[in-house]
Protein chains: 2
Amino acid sequence: MAVYTDVSEDELGAFLLNYDLGELLSFKGIAEGVENSNFLLHTKAGYYILTLYEKRVARADLPFFLGLMEHLARKGINCPLPVKNKKGVALGELSGRPAAIITFLDGVWVRKPQVAHCAALGKVLAQFHLAAADFSIERKNALGPAGWRKLADSAGLRANTVFDGLSKIVGDELHHLASAWPGTLPRGVIHADLFPDNVFFIGDRLSGVIDFYFACNDVMAYDLAICLNAWCFEADGSYNVTKGKALLSAYNAERKMSVDELNALPLLARSAALRFLLTRLVDWLDVPPGALVRPKDPLEYLRKLRFHQRIEHARDYGLAA
Amino acid sequence: MAVYTDVSEDELGAFLLNYDLGELLSFKGIAEGVENSNFLLHTKAGYYILTLYEKRVARADLPFFLGLMEHLARKGINCPLPVKNKKGVALGELSGRPAAIITFLDGVWVRKPQVAHCAALGKVLAQFHLAAADFSIERKNALGPAGWRKLADSAGLRANTVFDGLSKIVGDELHHLASAWPGTLPRGVIHADLFPDNVFFIGDRLSGVIDFYFACNDVMAYDLAICLNAWCFEADGSYNVTKGKALLSAYNAERKMSVDELNALPLLARSAALRFLLTRLVDWLDVPPGALVRPKDPLEYLRKLRFHQRIEHARDYGLAA
């Protein structure tokens, strides 16, 4: 439920004078996304998304995010294209927030991804990695091993109020991953948050990818591990190897993985599980009692972490080296 | 912030098979309205609003609301038109809720209405009353004098926690209005909730009226009193007689008011102030602590009530009998 900043029609009208989009016809707050305020914007020129960047997004990172979308769109990846104002600049300011207008992308996100969706995802993820290879700006992953440690410290012993012994489980895992993290694997720009609600389909066709606000430079296979967690587990917590195989094979067909990358998948999947366990845990602990917005369940990712801790070979995910 | 029910793409796809709207291209929850779940729907045929009716809207009232919109649209009032399915029926069921698709209406609502907006409002309100005169279905006003009493009882002495002495103020006002309510004035279908967020403008032109889910049969001049309260007071609580005059004159030019109606305005404005004071008070008292959705301030309407209690003549609102 994401409208944190209200925008008046006067402010928006003045903002739009900087753009060649014609008269303002309509704007409505969208109840999607959790980091920013998003509005569906209709002008004489068409339909757009207006985003106001709230405090969780660093202003210094915006040229990376907006530049990446433009770079990817130019390379043929279906993603929103930032709209430039009359001065040729995509980033503006509205209601005291950094703001940008991006093109509206048709498609719906799939609540229960099937095997075919996972295959389409694997293909587009590899295309994304290849298309971003020559993007010139860099952004460090704020949610890498050092970031996990900060989150774990922030949760502290309160973690045990969510699940008995969770603080120690997290500490042990952090200790293990700190030494084992395979930082030498092929790196590039990764999406880092490619959950089902960020991938649009029209019918069975993947129509686009959105929400690049966690994108950063990191190990490419880690992106795949995030997707394995987000797309290939069933509601009952079980891993669906058919979906995993579809995802990994489709990725591998577009961008051939090295043996090292494949062998690192169990470790990367543990890392990805820990990362989302930690952010969900902190959100869970920080939500005010009685709030209408219910944070996502951190324990879903504890179950995934435990699953991956027992995996020894990448072939158990569905693809042999 | 109104998305109470999530809809899966599968359920929506199946629902849309009943309509001649073509393939589903996009749907997004809209953070507007407080009673129902609203989605912006894009199909091959165009843009629409999909509404799921939540429990505060009685299912038995839906034929009145949808029929009224259709009646008004046919008479030339700019308002959403319910879309009928292949069987010619506008009301369906989706995700366990009554649901309807209505046309998307362009326009933005005005955060700070000016005199010209009040004049446009007065004109459209009179046109609405005239157009609805031969609408065949009736709906009792659930928020008339008997409804106010129920709300006051529900708040009880807790009202005093919001403002010292409020429980007695409300009781005295209820007592006064119970005997003085001018039920013999000309009646018709009223909108009953025509606040600025329910009236759209494109530039200075009024482009449409939305949200008919409080509409009912009642005293027509009471609708005007609701608008006086909602549009003609400044943020500092002062009444702007220029706006009031613009609203009343424009209404009167389309639908000539009787002397009795004009003379009843102070009493009707008190009634309207009490009605919104009471609903806001109960919402205020019932909101869980820490909730992210902040209810509207009931005391804004206490100040309006006190203003009207001191008014003796309709001419003080800007229009003489």
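# Close-up views of a predicted two-chain model

View 1. The model is predicted: local features need pLDDT of at least 70, side-chain atom pairs count only at pLDDT 80 or more, and totals for chains, interfaces and linings use all residues. Residues are numbered from 1 along each chain as its sequence is written, while chains are lettered from A and ligands numbered from 1 in the order in which they are written. Helices (H or I, at least four residues) and strands (E, at least two) are DSSP runs, numbered from the N terminus. The buried residues of α3(B) include B:H117, B:C118, B:L121, B:L125, B:F128 and B:H129. Among the elements that cover the buried residues are α2 (62-74), β7 (187-190), α7 (220-231) and α8 (241-254) of chain B; contact here requires C-beta atoms, placed from the backbone, within 7 Å. The end C-alpha atoms of α3 (residues 115-131) of chain B are 24 Å apart, which agrees with the 24 Å that its 17 residues should span at 1.5 Å a residue (the expected span is 1.5 Å times one less than the number of residues).

**View 2. Packing of helices α4 and α10 in chain B.** Helix α4 (residues 145-155) and helix α10 (residues 265-286) of chain B pack at an angle of about 35 degrees, and their axes are 9 Å apart. Axes are lines fitted to C-alpha atoms, for helices over the stretch in contact, and angles run from 0 to 180 degrees between N-to-C directions. The crossing of α4(B) past α10(B) is left-handed, a term used if the near helix is turned anticlockwise from the far one by less than a right angle, with clockwise being right-handed. On the α4(B) side the contact is made by B:W148, B:L151, B:A152, B:S154 and B:A155; the residues of α10(B) that take part include B:L274, B:R275, B:L278 and B:T279. By class, the contact has nine nonpolar, two polar and one charged residues, where Ala, Val, Leu, Ile, Met, Phe, Trp, Tyr, Cys and Pro count as nonpolar, Asp, Glu, Lys and Arg as charged, and the others, Gly among them, as polar.

**View 3. The five-stranded sheet of chain A.** An open sheet has the strand order β1-β2-β3-β5-β4 (chain A), with antiparallel pairing; two strands pair if DSSP finds at least two bridges between them. At the edges stand β1 (24-29) and β4 of chain A, each with a single partner strand, so one side of each has no neighbour in the sheet. On average, neighbouring strands of this sheet are turned by 35 degrees against each other, direction ignored. Four bridges link β4(A) and β5(A) in the antiparallel sense, and A:L94 has A:R97 in β5(A) as its bridge partner. In the loop between β4 (91-94) and β5 (97-103) of chain A lies A:S95. Although A:S95 is not a glycine, its phi is positive, about 50 degrees. A:S95 is partly exposed, with 14 other C-beta atoms within 10 Å.

View 4. Three strands form an open antiparallel sheet in the order β6-β8-β9 (chain A). Its edge strands are β6 (108-109) and β9 (205-209) of chain A, each pairing on one side only. Strand β8 (residues 199-202) of chain A is joined to β9(A) by four bridges, and A:F200 stands opposite A:G208 in β9(A). Helix α3 (residues 115-131) of chain A lies across β8 and β9 of chain A, at about 40 degrees to β9(A).

View 5. Antiparallel β8(B) and β9(B) are joined by four bridges. These strands form a hairpin with two residues between them, and B:G203 in the turn has a positive phi of about 60 degrees. B:A192, in the loop between β7 and β8 of chain B, has a positive phi of about 75 degrees although it is not a glycine. B:A192 is buried, with 22 other C-beta atoms within 10 Å.

Note on methods. Contact = placed C-beta atoms within 7 Å. Buried ≥ 20, exposed ≤ 12 C-beta atoms within 10 Å, placed from the backbone.
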